[in-house]
Amino acid sequence: MIDQLAGEMSDSDIKSALGKMAKLKVHPRDEAANLHLRARLEAAYAMARADGRGLD
């Protein structure tokens with residue numbers, strides 16, 4: 001973190017800002033909506049492969 005700027009921040013301000021930014025450090029693949037979509041796509045892919053082979 002750059003701490004030598006014209007507008008100095010106190011230690012408590014820095015900790016607060018880092019806490020707010022921590023929420024943004026989530027990979028999109030870990031979000032619930034994307035996990036659900038990925039599971040549905042994997043199931044559809046597995047079914048499509050089984051259909052192509054004539055398996056039931």
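Q: What share of the 56 residues in the protein chain is buried?
A: Buried means under 20% relative accessible area, exposed means over 50%, and partly exposed lies in between, with a 1.4 Å probe and protein chains only. In this chain, buried residues make up 4% of the 56 residues. This is a predicted model, in which local features need pLDDT of at least 70 and side-chain atom pairs count only at pLDDT 80 or more, while totals for chains, interfaces and linings use all residues. Residues are numbered from 1 along each chain as its sequence is written, and side-chain values use heavy atoms, with hydrogens and water left out.

Q: How many helices and strands are there in the protein chain?
A: Helices (H or I, at least four residues) and strands (E, at least two) are DSSP runs, numbered from the N terminus. The protein chain has 2 helices and 0 strands; Leu18, for instance, sits in helix H1 (residues 11-22), and at 43% relative accessibility Leu18 counts as partly exposed.

Q: Which residue forms a salt bridge with Glu42?
A: Side chains of opposite charge can pair when their charged atoms come close. A salt bridge is a side-chain nitrogen of Lys or Arg within 4 Å of a carboxyl oxygen of Asp or Glu, and by this rule the count comes to 1 salt bridge. The partner of Glu42 is Arg38, with the closest N and O atoms 3.1 Å apart. Arg38 and Glu42 are 4 residues apart in helix H2 (residues 32-53), so about one helical turn separates them. Arg38 is partly exposed, at a relative accessible area of 48%, and Glu42 is partly exposed as well, at 46%.
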